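Please read the following briefing alongside the sequence and the coordinates.

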Amino acid sequence: MAPNAAERQNCHVRHETQVELIKNLLSHLDAGTNVDAGEIFVNNTSTYTDPEQAEREWNEWFVGLPQLIGMSGDLPQVGSFFTNNEYGIPILATRDQSGCFRAFVNSCRHRGAIVESEPRGQKRRFTCPFHSWTYDTEGALVGLPKAEHFGDVDNECLGLRELPSEERHGLLFVHPDPEGQIDLDWLLGAWFNEEFSTWGFEDLERLTADEYDTACNWKLAMDTFGETYHFNSLHSNTLANSFHGNVQCYDEDGHLHRMILCKRAIDEMRHLPEDEWDITVAGLPVYWLFPNVILMPFEIGVFLVRALPDRNDPGRHTSKVDFYIRQAKLGQAQENLGTANLTEIAKEIASTFSRIIRDEDYAMSCSQQACANGSALEQTVFGRNEPALHHYHKTYRRMLGYADSIPPTSSQAG
Ligand code: FES
Ligand SMILES: [Fe+2]
């Protein structure tokens with residue numbers, strides 16, 4: 001039976017898995033070791049610049065697969081809606097009158113104007129600004145001015161065009177192709193379907209949202225989330241204060257992987273009985289959803305990062321960094337702490353984290369892109385301690401029908 005909201009509050013990953021992961025982190029810390037991919041991986045820098053590859057990625061992975069466009073907290077009530085223009089067609093997402101998540105092509109069935117222009121809100125009706133055709137939250141055409149003058153149309157057939165959509169584990173998926181199929185058993189696999197069911201993502205509320213148009217390929221943005229080898233260098237004055245660099249857990253299964261970053265607070269576990277160990281205190285789980293989503297759940301909420309390609313330039317992308325909060329958890333802490341405004345503190349934490357991504361990680365991604373654009377190097381290399389980077393790029397290559405590994409060029413080998 002699925003856990004109820006109260007049970008979910010303190011339940012993340014199954015407890016025995018949490019203990020196993022924390023023990024793994026502690027043993028790396030104590031032994032001065034890290035995960036080991038067993039070998040290095042050579043990568044072609046053209047993967048960040050090649051317009052033909054970028055076109056295939058767009059068609060096969062962005063328009064051709066279901067996309068995560070938000071979380072249940074983006075549609076908190078009946079009539080909640082948001083719009084999305086990330087996948088080439090305008091999308092209107094709604095919570096309909098029966099509480100179901102629906103998605104539509106946000107284009108009027110009269111002459112194709114955008115029906116809803118607001119980014120988000122709550123409405124019972126969506127009225128096209130051109131001639132005021134009006135649709136409900138189920139997409140049905142419910143109003144047509146001067147119907148007697150317009151002529152003989154069947155309102156039943158002129159509802160907004162519906163897109164395949166599915167809400168699972170508090171995540172909202174849409175297929176940008178009306179004829180597409182959503183297969184979350186494949187996309188999330190048995191592993192994430194089981195693990196996500198324990199996190200209670202459905203109880204999260206949206207708190208902050210940042211958007212960064214960045215001069216680097218979307219895969220370079222993903223790469224920055226794939227290792228902690230850089231923490232003691234790039235983040236020496238920021239994240240390294242609360243995380244151990246170059247220590248992590250890493251697991252993969254097919255196109256899925258999950259890392260656990262190691263927080264300095266892991267030392268608290270050494271003084272607690274194992275049944276009180278908590279993975280969100282000891283570490284930061286980082287889930288990758290193919291191709292472009294990073295999901296990082298922590299004590300009071302979740303960071304969701306989505307890297308969206310620029311269709312006109314493989315060397316640019318937009319990152320959406322959204323933060324969702326677990327109000328029940330915040331409420332508990334608020335009771336204990338009294339007057340401090342925890343929502344404001346949580347917003348500050350979220351924007352600090354988001355700024356680190358922009359100002360530190362993506363600054364590096366842009367410098368890598370500038371070098372790749374100039375063909376400064378044909379190849380670069382991922383270390384044995386960066387297995388998630390191997391996995392991103394092997395998975396991308398497999399999905400494009402290429403061999404996993406790349407032979408080194410003579411300059412790389414030499
Ligand atoms: S185009 Fe929408 S009402 Fe005419
Ligand atoms: Fe980083």
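In this predicted model, the C-alpha centres of domain 1 and domain 2 lie 33 Å apart, with domain bounds that come from an automatic or database domain assignment. That assignment gives domain 1 as 5-60 + 204-413 and domain 2 as 67-182.

**Contact between the domains**
- Nine residues from domain 1 and seven residues from domain 2 take part in the contact, where two residues count as in contact if their C-beta atoms, placed from the backbone, lie within 7 Å.
- On the side of domain 1 that touches domain 2, the elements giving two or more residues are β13 (205-214) and β18 (301-310), and β18 gives the most, with three residues.

**Whole chain**
- The secondary structure comes to 13 helices and 20 strands, which are DSSP runs (helices H or I, at least four residues; strands E, at least two) numbered from the N terminus.
- The C-alpha atoms fill a box of roughly 80 × 60 × 35 Å, taken along the principal axes.
- Buried residues make up 39% of the 414 residues, a residue being buried if 20 or more other C-beta atoms, placed from the backbone, lie within 10 Å of its own.
- Among contacts between residues at least 6 apart in sequence, 63% join residues at least 24 apart.

**Conventions**
- Residues are numbered from 1 along each chain as its sequence is written, while chains are lettered from A and ligands numbered from 1 in the order in which they are written.
- As this is a predicted model, local features need pLDDT of at least 70 and side-chain atom pairs count only at pLDDT 80 or more, whereas totals for chains, interfaces and linings use all residues.

Conventions
A residue is buried if 20 or more other C-beta atoms lie within 10 Å of its own, exposed if 12 or fewer, and partly exposed in between; C-beta atoms are placed from the backbone.
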